[in-house]
Amino acid sequence: PRLEGGLRAPHPWVPLEDFTLRTPAGCCGWLRTAFLPRCEVRPGPEFLTRSYLFYANRLFKAYQFYYWDPSCRDPSYSLVIKGKLRLRQASWITRGATEADYHLHKVGIVFHSQKAMREVASWINQTSGEGCSGFLPPGRTWAPGALYELLSAKTERDCTAALGFAMHELSLVRVEKHYQPLLQPQQSGRRLVEELYLGDIHTEWVERLHYRPTGYQRPMQSAVHHVHPCPACGIIYRADEHHPPILPVRAQLPMQLSGSWVSTHCEVRPAVLFLTRYFIFHGNNHTWEGYYYHYSDPLCKQPTFTIYASGHYTQGIPSSKVRGGTELAFKVTQARVTPMDQVTVMMLNSSEPGSCGLTSSWSAGVEQDITPTNGCLALGIRLPHTEYELFKTEQDTKDRSLLYIGERPTDGSSPDRPDKRPTSYQAPLIQCAGASEEFSNYVSTARQSPLPLALHRVKQNITYKSS
């Protein structure tokens, strides 16, 4: 649901301890190899996995493996990307991030079927410039393992645009480390996990080539310090352009929205939004409630405002565009806002009369209903409001249920028409047991306690639910 509004984007809940951010100088030398240990869905949709290698001399080699299917088991083609990365300084736009410059030396492509070769060749021949019009002559026979050059800095040839390819994700970097409890009951202690966050991909295909990220994609895992268990990690680590990873089979879960779902970490949106989310779905009458917690920092420890919203949703139908996804429509009918800092209080009190709750009546920690004013113009929330959504559920490697909700449009707009329905997903929410009562206690407690403290109390009492 929208409420990721004018300050653009709401969402809420997070583990608040044991996370640290690396300084710019500590970014990638330690990392060496990072990969995404799951099948990724990018806007389009595109299904892929990635594995990036960073060298001490600032050179990098990146693999991107593309697939026909959302399970990443039927490879289409692989890209091998070589270049150089230079870290610059801490980002003045996205707190906690490092800005970087990159230069591509070569991009090569290996096709894994005649169909893939024919399709990509038609894209390039139809949409690229003069130097690429004959990239692959029509009728060219597929040669397994053959590497074709898409980009060369030496010859100044670049035929990557037809693929919607860009590496602007490397222009925004963050490294985060945290500690994962050891899995075996007889074991004590914690395991170090290091993750690499790279810039987000624009949700509009035509904007990809020019967009400079201000948010992140799902984090990549360090090959040395990654989460456990990880069935896909070894498979992706050993892969190359000639041997794309075939990920393990994962059971498809039916869409079951009932229950409580919560963010697993501090989430970052484009336009510098830090937030966590908590949802309750009532499957018996198709109603929902959502808490969106906004912060001013990348660890979600400095709260700015909270939004509570509710409404109803339609029966889901399988998506014809994104295999494995379910299409729903959500209607937001009620909303309440709680400012948590003086900056937000001042902004709301200076808003146009009648556009956001009672005029000049806002104060920190005090919730106010914005339904009578049809939303809150200052926060970009309008009521009632309908959004066309994409959902997916699956299980993680610990058999916990995950809920993926459609990715928000990068430009901050709302998917308020069927043709604006997402084709990719945000970071997943995890299903939890016993959270509803704790969260109702939190809502009242948060008025007396700082938000991080109140959330920490909730976190201590939530148990993750295994399906």
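Okay, housekeeping. Residues are numbered from 1 along each chain as its sequence is written, and side-chain values use heavy atoms, leaving out hydrogens and water. As the model is predicted, local features need pLDDT of at least 70 and side-chain atom pairs count only at pLDDT 80 or more, while totals for chains, interfaces and linings use all residues.

Let's start with β7, residues 98-111. Strands here are DSSP runs of E, at least two residues long, and helices are runs of H or I, at least four, numbered from the N terminus. Two strands pair if DSSP finds at least two bridges between them. β7 runs antiparallel to β6, with twelve bridges joining them; Leu-79 has Ile-109 as its bridge partner there. With β8, β7 pairs antiparallel over five bridges, and Gly-108 is partnered with Glu-149. β10 also pairs with β7, antiparallel, over two bridges.

So what about the core? A nonpolar core is a set of buried Ala, Val, Leu, Ile, Met, Phe, Trp, Tyr and Cys residues joined through side-chain atoms within 4.5 Å, where buried means under 20% relative accessible area, exposed over 50%, and partly exposed in between (1.4 Å probe, protein chains only). The largest one has 39 residues, and Leu-79 and Ile-109 are among those touching the most other members. A second, separate core of 37 residues includes Cys-266 and Cys-300.

Last stop: Pro-144, in the loop between α1 and β8. Is Pro-144 buried or exposed? Exposed, because its relative accessible area is 61%. Its C-alpha is 7.1 Å from that of Phe-111, 33 residues away along the chain.
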